[in-house]
Amino acid sequence: MIYETIVSSISDNGVPHVTPFGIRMQDGLVVIAPFKPSTTLSNILSTGHAVVNLTDDVRIFAAPLAGKPIIDLTTASKINGVRLTDLLAHKELKLVKFEDDETRPQLFLEIVHEEQHQPFQGFNRAQAAVIELAVLVSRLKRLPLEKICGEMNYLTIAIEKTAGPKELEAWGWLVEMVENHKAALRSENLA
Ligand SMILES: Cc1cc2nc3c(=O)[nH]c(=O)nc-3n(C[C@H](O)[C@H](O)[C@H](O)COP(=O)(O)O)c2cc1C
C-alpha cells in the first residue's frame, strides 16, 4: 500500500527541500523510492535523515510542482531536519539501508520519533482529485496530453462537488501548469 505524503529533507548546508512522495511501509521501516536525479535522494544520503509529513492541505502537494516554495517549516524534534509547521502528524526518520538502482533506488528509514498534531477529518474527494492531478503534473513531459486532459475532465467532477478553498487554490495552480504545458507544445508545433 502506498501512502501519499510530503517528504522534507535538508542539504548538508541546511537548505530545506519539501516535495510529495508516495511511501510504503516494509517490516516497520518507511521506504522512499525517488527517481534519479532527486534532491531528496541526495539530501537523505548526505544527512541520513528525513521527515514524512502527513497533511490534508493539498496545496502542499501542488505548491512544489508549481514552483511555489513551502516556507512554513519547523525544526524537527529528534533529528537533523525540518517538518511542516501546520500538519496532521509527522514521522522523523533515520536512514538504515540503501538499495541503489540506475533509475529508482530505495531508501529504508527507521522511525525514530513520531507526533500526532491534529485529528484526521475524514476523506474528501476533491483532495484525492488534487493529488491525482498533482501526480499527472509531476509527469507532464512523459505522459500524452490527451491522457492528462481526459483525466483532468473526470477529476473536475469531484472538485466541483466537494472542494473547499484550499482544494480550489491547489487545483488552480495545477490547471495553470497543464495550460502552460499545452501552450508550450503549441508553440513547439508552430516552430
Ligand atoms: C502524490 C505524489 C507522489 C509522488 N511520489 C513520487 C515517488 O514515489 N518518487 C519520485 O521520484 N517522485 C514522486 N513524485 C514526484 C516528486 O514529488 C517530484 O518529481 C520531485 O521533484 C522529486 O524530486 P526531488 O527530490 O528532486 O524534489 C510524486 C509526486 C506526487 C504529486
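In this predicted model, 6 strands close into a barrel in the order S1-S2-S3-S8-S7-S4, with antiparallel pairing; two strands pair if DSSP finds at least two bridges between them. The twist from one strand to the next averages 45°. Helices (H or I, at least four residues) and strands (E, at least two) are DSSP runs, numbered from the N terminus. Residues are numbered from 1 along each chain as its sequence is written. Local features need pLDDT of at least 70, side-chain atom pairs count only at pLDDT 80 or more, totals for chains, interfaces and linings use all residues, and side-chain values use heavy atoms, with hydrogens and water left out.

Strands S7 and S8 run antiparallel and are joined by 10 bridges. Glu-99 stands opposite Gln-106 in S8.

Helix H1 lies across S7, S8 and the strands tabulated below, running at about 55° to S1; angles run from 0 to 180 degrees between N-to-C directions, and axes are lines fitted to C-alpha atoms, for helices over the stretch in contact.

| Element | Residues |
|---|---|
| Strand S1 | residues 3-10 |
| Strand S2 | residues 16-26 |
| Strand S3 | residues 29-32 |
| Strand S4 | residues 49-54 |

Helices H4 (residues 145-162) and H5 (residues 165-190) pack at an angle of about 160°, their axes being 12 Å apart. H4 is therefore roughly antiparallel to H5, a term for angles over 145 degrees.

Key:
Parallel < 35°, antiparallel > 145°, perpendicular 65-115°, else oblique. Contact = heavy atoms within 4.5 Å.
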